[in-house]
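Please read the following walk through a single protein model alongside its sequence and coordinates.

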Amino acid sequence: MPTYDYKCDKCEHEWELFQSITADPVKSCPECKSRKARRVIGPGAGILFKGSGFYQTDYRSDSYKKGAEADKKAQSTAKSESKSESKSESKSSDSGSKKLQAAAN
Ligand SMILES: [Zn+2]
């Protein structure tokens, strides 16, 4: 559970609060009871979050490409193997790979 920094615009009181990431931001100040409180995102935390997000996206797309290449290799290997099989068997495996390609697209 992350710690959020809050600041009151009215009395400038600052405090920290443990909150669930899905919880709504607190709006009332515990000091002056006004509704001027706002969640403060620290500059360090903001950059860290942004950076890790970029790296996660890059890593995900890269691994996805590698996975797609591996799938193509596996399919071509399966195709060459099916040539040695009987006609009826290779026919059914062909329609199966077509279904897989349609699902991938
Ligand atoms: Zn206040």
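The paragraphs below go from the overall fold to individual residues.

This is a predicted model, in which local features need pLDDT of at least 70, side-chain atom pairs count only at pLDDT 80 or more, and totals for chains, interfaces and linings use all residues. Residues are numbered from 1 along each chain as its sequence is written, and side-chain values use heavy atoms, with hydrogens and water left out.

The protein has two helices and three strands; helices (H or I, at least four residues) and strands (E, at least two) are DSSP runs, numbered from the N terminus. Along the sequence the order is β-β-β-α-α. Of the 105 residues, 10% count as buried. Here buried means under 20% relative accessible area, exposed over 50%, and partly exposed in between, with a 1.4 Å probe and protein chains only.

Glutamate 12 sits in the loop between β1 (3-8) and β2 (14-18). Its phi is positive, about 60°, although the residue is not a glycine. Glutamate 12 counts as exposed because its relative accessibility is 56%. On the surface, Glu12 gathers with Asp5, Glu14 and Glu16 in a patch of negative charge. Such patches are made of residues with over 30% relative accessible area and no salt bridge, like charges being joined within 9 Å and nonpolar side chains (Val, Leu, Ile, Met, Phe, Trp, Tyr) within 5 Å. Accessible areas come from the Shrake-Rupley method with a 1.4 Å probe, and for residues only the protein chains shown count as cover. A salt bridge is a side-chain nitrogen of Lys or Arg within 4 Å of a carboxyl oxygen of Asp or Glu. Lys and Arg count as positive and Asp and Glu as negative, while His and the chain ends are not counted. The place of a charge is taken as NZ of Lys, CZ of Arg, CG of Asp or CD of Glu.

Lysine 33 also has a positive phi, about 65°, without being a glycine. The loop between β2 and β3 (37-40) holds lysine 33, and this residue counts as exposed because its relative accessibility is 63%.

In strand β3 lies arginine 38, which is partly exposed, with a relative accessible area of 38%. Its C-alpha atom is separated by 7.0 Å from that of valine 26, 12 residues apart along the chain.

What is the relative accessible area of cysteine 29? The value is 2%, so cysteine 29 is buried. Cysteine 11 is partly exposed, at 35%. The structure holds zero disulfides, a disulfide being a pair of cysteine sulfur atoms within 2.5 Å.
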